[in-house]
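Open the model in your viewer and keep the selection tool ready. Each stop below says what to select and what is there.

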Amino acid sequence: MTRDDRSNDGSSNDGSSSDDPPRETVSIPNEVELPRLLDFYDLQDAEHTGIHEFYGNLRDGELTTTRCDDCGAVHFPPRIVCPECLSDDLSYTSLPHEGTLHSFTEVRGTAAIGMTDDTPFVAGVVDLGDVRLSARIDDASYEDLEIGDPVRLKIVDIDGPTDQDRVFYRFVPV
Amino acid sequence: MWDDLPLATMRDVYVIGAGQSPFGSFPDETYLSLFETAYENALESVGGELDPDRIDEAFLGTLGVGGRQIGLSSPAVTEHLGLHGVPTTRVENACAASGYSFRSALTAVRAGTADVALAGGYEVMTDTSADQTKWWLGVSGETEWERTSGTTFAGVYAQMASAYLDAYDATVDDLSRVAVKNHGNGAKNPKAHLGFECSLEDARSAPGVADPLNLYHCCPTTDGASAALLASEEVAAEFDGPAVKVAGAGAASGRVGLFQRESLTSIPASVQAGEQAYAEAGVTPDDLDFAEVHDCFAIAELLAYDDLGFCERGEAGRLLREGVVDPDGELPTNTSGGLKSKGHPIGATGTGQVVEAFSQLRGEAHVQVDDPTYGLTHNVGGSGGGVTVHVFERTEVDA
Ligand SMILES: [Zn+2]
């Protein structure tokens, strides 16, 4: 039997000829579970992150970050070791809830995976004085914003994909 | 620091060959077959026969988009080329992967651990879904505190564009002029991904991606590979044709996240890498006859003009409006078509720029500059987390 006259109906799998290699259909899954990194947000409890206090404070309505007790540096993101002097004597300090827009864009076509259903939305860099951070700017559009505009903190509760009560920061125009 | 390095003890290094595969969308190619094409073209460009057995080491850049052979991808490539036993390393620095693989090969030949080194890069990007591509590019930005704002690189560079247009005399039309110029060049490059011309009106009226950037202000995702052969002066002297010397090299890292930077209107790693490369080469930007700069988004090309000293800070728009960077201008930039038109196969982009510099200095470019002596390549990883700058010089080899 040549390759060309081999039957395609599975009859070659009936063991009728000892020359035929055995055949079988195998299945692969239609979907593969993707890595947890696709979840934007940290697991925010003490078991999973050394900066759980940051999230606890945010859950209580306060935006905070770490300050180094040795060199005085204020960090963002919050740290467990000071990147300036390597001290681990850090304390949480309050950040202002109002800042200014350092720059911004309105994302239309290329949102990060996980936020594609939200387009269009505004994202920007917010200047809080000692630190700057990247954030979603809600209730805003590109045309209505200017660099330097005041914005204030908004806290969002994260629904899914874990059963933890998670929170994150966004900003809105003042 | 780099300015304390004992340059005098380093050997001179030459690019004796450079080649690329076509850049584009190739469902019937793999990263292996694309790199094989680039490698063969590099070997063919050598002025004489280079026995592949003389390649002492290989450095290959790739981000590994799609998650194919991420582990040991470099040995998989060198094995495919028949370079059995050659030590090889995958170099990963996102979009600057092969700027850094070139730097690694340069360092090996400078140091004398290799007499001939292969540098290159490859990427296959068009066989993954749009969401997968976003994921792979998204995780090259700052993943923990920037990605939570929902941006990918378009959104990140868009914020740099907003800041630049606010701070300086530059307009959205200047961003569009990058597309017009680079497509004009890429239309003459048979290996370009998007080898068509576009008018200022086309570029103005494209759909928005991340304000103020529209589709024509963004490079495509591309399949492709590129390769360069570096050699010591002694080896280079064996071959015919104009010698292309690596006159200066610079590299720097920078803050990965935009929010951690002092300024959004400059990429500090570009400034530092540029200063180092100019100092090593003993040249100033005025000495350059052409440049290939990293134009993943139109604003990136404007930032490059400022950061590399092509103009006073904030004057990048003027260079475009006055045609200084056009093929017939004082400093033709991205004569290959740049990332915008030639395409941006992430890991292949850095050595792809070297291919254009090599062609220009040998007088074989598709958009040829008149009798160039010095050219520069500038490769940026992400939004500025890693940068390489190389200055090339056409010269004579002393055997
Ligand atoms: Zn400290």
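Select residues 94-154 of chain A. An unreviewed UniProt entry lists this span as "domain: ChsH2 C-terminal OB-fold". Keep in mind that the model is predicted. Colour the span by secondary structure: it is 48% strand and 0% helix.

Expect 1 helix and 7 strands. Walk from the N terminus and the order reads α-β-β-β-β-β-β-β. How much of chain A is buried? Of its 174 residues, 28% count as buried. Take the contacts in chain A between residues at least 6 apart in sequence: 46% of them join residues at least 24 apart.

Stay in chain A and pick Arg170(A). Arg170(A) sits in strand E7, residues 166-173 of chain A. Is Arg170(A) buried or exposed? Arg170(A) has 21 C-beta neighbours inside 10 Å, so it counts as buried; the cut-off for buried is 20 or more. Show its contacts next. Leaving out residues up to four places away in sequence, Arg170(A) touches Ala135(A), Arg136(A), Asp138(A), Lys154(A) and Val156(A). Then draw a distance from Arg170(A) to Ala46(A). The C-alpha atoms are 23 Å apart, and the two residues are 124 apart in sequence.

Next, the interface. Select the residues of chain B in contact with chain A: there are 28, and they meet 29 residues of chain A. Which elements of chain B supply at least two residues each to this side? Highlight helix H4 (130-138), helix H5 (153-167) and strand E5 (208-210) of chain B. H5(B) gives the most, with 7 residues. Colour the chain B side by residue class: 10 residues are nonpolar, 11 polar and 7 charged.

Why is E1(B) largely enclosed by the rest of the structure? Because 8 of its 8 residues are buried.

E1(B) and E7(B) run antiparallel, joined by 7 bridges. For one facing pair, show Gln20(B), which stands opposite Ser226(B) in E7(B).

Now the nonpolar core. Nonpolar side chains tend to be buried together in soluble globular proteins. The largest nonpolar core in this model has 151 residues. Select the residues with the most contacts inside that core: Val15(B), Ala117(B), Tyr157(B), Leu229(B), Leu230(B) and Ile299(B). H5(B) gives the most to this core, with 10 residues.

Zoom in on Ala117(B). What does Ala117(B) touch, not counting residues up to four places away in sequence? Its contacts are Asp56(B), Glu57(B), Ala58(B), Phe59(B), Ala105(B), Ala108(B), Val109(B) and Leu230(B).

For the last stop, select residues 254-394 of chain B. An unreviewed UniProt entry lists them as "domain: Thiolase C-terminal". Over this span the chain is 33% helix and 14% strand. Finish with a distance between the end C-alpha atoms of residues 254-394 of chain B: they are 31 Å apart.

Technical notes: Residues are numbered from 1 along each chain as its sequence is written. Chains are lettered from A and ligands numbered from 1 in the order in which they are written. This is a predicted model: local features need pLDDT of at least 70, side-chain atom pairs count only at pLDDT 80 or more; totals for chains, interfaces and linings use all residues. UniProt positions are given in the numbering used here, feature names are shortened, and annotations may be inferred rather than shown by experiment. Helices (H or I, at least four residues) and strands (E, at least two) are DSSP runs, numbered from the N terminus. Two residues are in contact if their C-beta atoms, placed from the backbone, lie within 7 Å. Ala, Val, Leu, Ile, Met, Phe, Trp, Tyr, Cys and Pro count as nonpolar, Asp, Glu, Lys and Arg as charged, and the others, Gly among them, as polar. A residue is buried if 20 or more other C-beta atoms lie within 10 Å of its own, exposed if 12 or fewer, and partly exposed in between; C-beta atoms are placed from the backbone. Two strands pair if DSSP finds at least two bridges between them. A nonpolar core is a set of buried Ala, Val, Leu, Ile, Met, Phe, Trp, Tyr and Cys residues joined through C-beta atoms within 7 Å.
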